[in-house]
Amino acid sequence: FCQDTTTGPIETTMCHYETVESVNEELYSNLKELVQTPFFKYFQVDLYRECPFWHENGFCMNRECGITTVDESEIPEKWRAASLSSIELPPLDERIQLPGCYYRDSDYCFLDDMTEGDYVDLTQVPERYTGYSGPSAHRVWRSIYEENCFGLSELNLMTGRSSAPVSLPDTLTDVLREDLNGEDDGGECLEKRVYYKIISGMHASISTHICLEYLNQTTGEMGPNLQCFVTRVASHPERLQYIYFNTVLLLRAVARIGPYLSAYDYCSTETISPLDHKHSPRSEDEIRTLNKLSNVLTIAEHVGKFDERVLFRGENANILKQEFKEHFRNVSRIMDCVGCDKCRLWGKVQTTGLATALKILFEMDENALDPHKNTNLLQRSEVVALINTLHRFSESLQAVERFREMWKETDDQD
Ligand code: FAD
């Protein structure tokens, strides 16, 4: 089926899943180092805004739910909130008047106001099992699917398409074949299907991380839990496929802003503007960051073949795009309702990363992407979230390999 690349972004993208799998090891090793560099590891986030949709009182008391923030004095001065005056906020009349957050018309998420919130060192708070579950977690997931998913939630969330864990597919081709056979979109338009795939893929990636570092109740240690992965992800092959789908979407966005990312100033000492580093010699950190980034960009250009031009065309294109954007913005606000700090943090990172990718794909023409014409194209938090989100998905794909090995071992024993 990889021959047929003419039927739209979904099918086109599928043909590149095999390629993603073949390069993921390299992609992952570069991303893993990149997200440990000073520029990419600090994320500023306002974690304590009120849930705007309901009164949330389901707070997770588990120690694993908590996070430690970083004192602002540890953050290089030019990245601190007070020094971000070079980042242009949109004019007031373009902003939605919400306390502590705003969006530009092109944004797919509500970004936290840069003057509030804490800094977090993302390398110190791994996304893994926290024990957050039950009605609070289910309510958040349900509202993301139900209230924001064009009524598609019933497709999977409520009924669950394939319930009994049967086996872990051996290869990616098996996964896709099962997915293609089981695909019944009930006449849904392409954009709605894409929206559902993004959300379900993010959910599947989060579940994969939970299962990769799951609490063993007997030993008290964290480790991979195959049954968890089979139940939550592998027994629903389409979920696995959506992790690939998100990876390709993110890679395409990264490839599109390649020139902008290459020209960006990752140096932590003072320079004139975010894209002007001509006058200061590059530090070791900056050289390391640029090297790793350049490897990621090469892979992204090679693999990121998502054809975003097929979406938002035709009669109701603008309405559909607006609707898509509003749904996605709501998802970013629903993250304030997640009752576990660590889960909320990673939820925010990933919705911001995906929203940034969507903005790059659907809102920016070549002119906007030119780093010399548009020096403040993205906020620092958007760049950090985009790369960290790609790292999350790439790590999930690595985990799938690990679970495949575990599955083979148990199979051999039987
Ligand atoms: P859930 O994952 O809660 O899923 C609820 C229902 O959704 C399932 O019964 C199923 O019908 C459906 N469903 C599940 N996966 C998919 C999918 N991929 N596509 C479509 N439908 C699906 N917990 C942690 O331990 N660590 C974390 O870092 C963490 N981060 C979270 C971040 C967010 C934003 C949220 C909302 C929750 C987070 N949680 C985290 C909680 C975690 O996601 C689960 O809710 C919890 O582990 C309970 O899992 P569950 O098996 O009941 O199913």
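Helix 4 (135-148), helix 6 (190-212) and helix 12 (341-362) each contribute at least two residues to the shell around the ligand. Helices here are DSSP runs of H or I with at least four residues, strands are runs of E with at least two, and both are numbered from the N terminus. The structure is a predicted model, in which local features need pLDDT of at least 70 and side-chain atom pairs count only at pLDDT 80 or more, while totals for chains, interfaces and linings use all residues. Residues are numbered from 1 along each chain as its sequence is written.

Helix 6 gives the most to the shell, with 6 residues. Of the 25 residues around the ligand, those that come nearest are Ser133, Ala137, Ser200, Cys343 and Gly347. A residue is near a molecule if its C-beta atom, placed from the backbone, lies within 6 Å of it. By class, the shell holds 12 nonpolar, 9 polar and 4 charged residues. Ala, Val, Leu, Ile, Met, Phe, Trp, Tyr, Cys and Pro count as nonpolar, Asp, Glu, Lys and Arg as charged, and the others, Gly among them, as polar.

Helix 12 also packs against helix 8 (residues 237-256): the two axes come within 9 Å and cross at roughly 60°. This angle makes helix 8 oblique to helix 12. Axes are lines fitted to C-alpha atoms over the stretch in contact, with angles from 0 to 180 degrees between N-to-C directions; under 35 degrees counts as roughly parallel, over 145 as roughly antiparallel, 65 to 115 as roughly perpendicular and the rest as oblique. The crossing is left-handed, meaning that the near helix is turned anticlockwise from the far one by less than a right angle. Leu249, Leu250, Arg252, Ala253 and Arg256 of helix 8 make the contact with Ala357, Ile360 and Leu361 of helix 12. Contact requires C-beta atoms, placed from the backbone, within 7 Å. This set has 6 nonpolar, no polar and 2 charged residues.

Helix 8 has a further partner in helix 14 (residues 380-413), where the axes come within 10 Å and cross at roughly 145°. This crossing is left-handed. Among the residues that meet are Leu240, Ile243 and Leu250 in helix 8 and Leu386, Phe393 and Val400 in helix 14. The contact comprises 11 nonpolar, 5 polar and no charged residues.

The protein chain has 14 helices and 6 strands. Of its 414 residues, 42% are buried, that is, have 20 or more other C-beta atoms, placed from the backbone, within 10 Å of their own.

Terms used: Contact = placed C-beta atoms within 7 Å. Buried ≥ 20, exposed ≤ 12 C-beta atoms within 10 Å, placed from the backbone.
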